[in-house]
Amino acid sequence: TAGLSPLMSCTECDSLTAEFKMREWWIHVGLICIPLVAVYLHIPPPQLSTALQKWHSAGKVFHFRGWKIFYRDSLGALGSSDVIILLHGFPTSSYDWSKIWDPLTQRFHRVIALDFLGFGFSDKPRPHKYSIFEQASVVEALVAHLGLSNQRVNLVSHDYGDTVALELLYRSDQNRTGHLTLNSLCLSNGGLFPETHHPRLLQMLLKDSSFLAPILTRLTNFVIFQKGIGEVFGPYTQPTDAEFWDMWTGLRYNDGNLVLDSILQYINQRLKHRERWVGVLTSTYVPLHMIYGPLDPVNPHPQFIRLYQKLVQKSTVTILDEHISHYPQLEDPTGFLNAYFNFIHSF
């Protein structure tokens with residue numbers, strides 16, 4: 001028995017060492033998890049910059065089914081009755097049009113933009129089943145609210161807004177109740193065709209993972225956001241730090257990060273309703289134009305534009321400089337405006 005005592009001591013020693021290491025491991029896990037849990041629970045949204053405050057204060061809200069929708073409505077050129085409505089993309093807001101706003105007011109009698117439900121300064125209900133159909137109804141409700149239901153309007157859209165525009169085009173062509181009367185439609189860098197659309201990895205995870213999505217939406221921070229957005233801008237047209245922060249602030253306003261997974265169901269809706277939306281694009285008689293930044297990794301060149309030109313033969317197309325990517329109105333506002341004004345003056 002005396003001979004076994006040293007062996008037992010070694011065993012006890014090993015056990016104590018293992019127990020200590022396990023305890024140390026849990027301490028490290030705890031130190032990592034505590035800040036993650038803090039992030040998961042709450043990080044205050046950033047304060048509005050002076051530029052965003054100015055944009056916000058120049059806007060108004062109207063109510064749609066009990067929710068507040070932010071919009072801007074500027075009276076512009078005298079002697080013109082033309083109205084233009086701007087439809088923004090995902091995951092940003094109407095502020096995407098800020099760089100071309102003033103030039104548009106010099107050409108159009110009224111320049112209107114809104115933040116879709118779940119975006120920017122509009123309400124962001126959750127849980128909520130966001131849909132392209134509902135967003136189109138939001139636009140129709142705004143037009144009615146502004147007393148423009150009988151007015152021919154020009155639509156300019158980008159990204160997510162392109163699909164909303166196609167639903168509005170479908171309703172217009174089908175003479176649906178409350179539809180907009182469209183004078184023209186100008187699209188830009190939107191995933192019109194599921195077969196040429198390449199969502200970012202985080203978007204795929206958020207739209208398809210019911211388990212991970214609530215965690216990912218809370219853990220998404222400015223650094224992750226900046227990297228993701230930066231990847232869809234050209235190398236020479238990157239937003240400034242202030243512009244990145246403005247985009248992030250708009251997203252975080254009203255806890256917009258927590259509804260990203262619900263909004264991203266639009267990718268699945270595009271696939272499900274492809275025949276409806278691509279069908280109206282190919283059959284409409286409304287004047288169409290596409291402004292395209294060819295460096296776009298989401299709708300890559302040349303596959304996207306070749307398919308567009310093949311299927312939408314009535315549309316005219318402007319392909320911007322080879323360094324312009326997914327946000328042409330922000331990356332090349334002058335080129336975007338020139339292309340748009342050439343289109344408007346062509347009919």
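Predicted model: local features only at pLDDT ≥ 70, side-chain atom pairs only at ≥ 80, totals over all residues.
User: What is the overall make-up of the protein chain in helices and strands, and how many residues does the chain have?

Analyst: The protein chain contains 15 helices and eight strands. It has 347 residues, of which 50% count as buried. Among contacts with a separation of 6 or more, 80% are between residues 24 or more positions apart.

User: Why are H5 and H12 called roughly perpendicular?

Analyst: Helix H5 (residues 160–173) and helix H12 (residues 274–283) pack at an angle of about 70 degrees, and their axes are 9 Å apart. The term covers angles of 65 to 115 degrees. The pair is therefore roughly perpendicular. The crossing of H5 and H12 is left-handed.

User: Which residues make the contact between H5 and H12, and what is its composition by class?

Analyst: On the H5 side the residues are Thr 163, Leu 166, Glu 167, Leu 169, Tyr 170 and Asp 173, and they meet Arg 276, Trp 277, Val 280 and Leu 281 in H12. By class, this contact of H5 with H12 has six nonpolar, one polar and three charged residues.

User: What makes H4 and H5 roughly perpendicular?

Analyst: Helix H4 (residues 132–145) packs against H5 at an angle of about 70 degrees, with the axes 9 Å apart. Since the range for the term is 65 to 115 degrees, H4 is roughly perpendicular to H5. H4 contributes Ile 132, Phe 133, Gln 135, Ala 136, Ser 137, Val 139 and Glu 140, while H5 contributes Tyr 160, Thr 163, Val 164, Glu 167, Leu 168 and Arg 171. The contact of H4 with H5 has seven nonpolar, three polar and three charged residues.

User: How do you know that the length of H5 agrees with its number of residues?

Analyst: The expected span is 1.5 Å times one less than the number of residues. For the 14 residues of H5 this should be 20 Å, and the end C-alpha atoms are 20 Å apart, so the two values agree.

User: What makes Thr 284 count as buried?

Analyst: Buried means under 20% relative accessible area. Thr 284 is at 2% relative accessibility, so it counts as buried. Thr 284 lies in the loop between H12 and strand E7 (288–292). Leaving out residues up to four places away in sequence, Thr 284 touches Leu 169, Asp 173 and Lys 314. The C-alpha atoms of Thr 284 and Asp 173 are separated by 7.0 Å, although these residues are 111 residues apart along the chain.

User: How do you know that Gln 135 is buried?

Analyst: The relative accessibility of Gln 135 is 0%, and the cut-off for buried is under 20%. Gln 135 therefore counts as buried. Its place is in helix H4. Beyond neighbours within four places in sequence, Gln 135 is in contact with Phe 116, Leu 117, Phe 119, Tyr 130, Tyr 160 and Val 164.

User: Why is Gln 303 called partly exposed?

Analyst: Partly exposed lies between the buried limit, under 20%, and the exposed limit, over 50%. Gln 303 has a relative accessible area of 45%, so it is partly exposed. Gln 303 is in helix H13 (residues 303–311). Gln 303 and Thr 196 are 107 residues apart in sequence and 6.6 Å apart in space, C-alpha to C-alpha.

User: Where are cis peptide bonds found?

Analyst: One joins Phe 90 and Pro 91, with omega about 5 degrees. Another joins Arg 126 and Pro 127, with omega about -5 degrees. Pro 91 is in the loop between strand E3 (83–87) and helix H3 (98–105), and Pro 127 is in the loop between strand E4 (110–114) and H4.

Terms used. Residues numbered from 1 in each chain as written. Heavy atoms only, no water. Axes fitted to C-alpha atoms, helices over the stretch in contact; angles between N-to-C directions. Helix = DSSP H or I, 4+ residues; strand = E, 2+ residues; numbered from the N terminus. Parallel < 35°, antiparallel > 145°, perpendicular 65-115°, else oblique. Left-handed = near helix turned anticlockwise from the far one by under 90°. Contact = heavy atoms within 4.5 Å. Nonpolar A, V, L, I, M, F, W, Y, C, P; charged D, E, K, R; others polar. Buried < 20%, exposed > 50% of the residue type's maximum accessible area, 1.4 Å probe, protein only.
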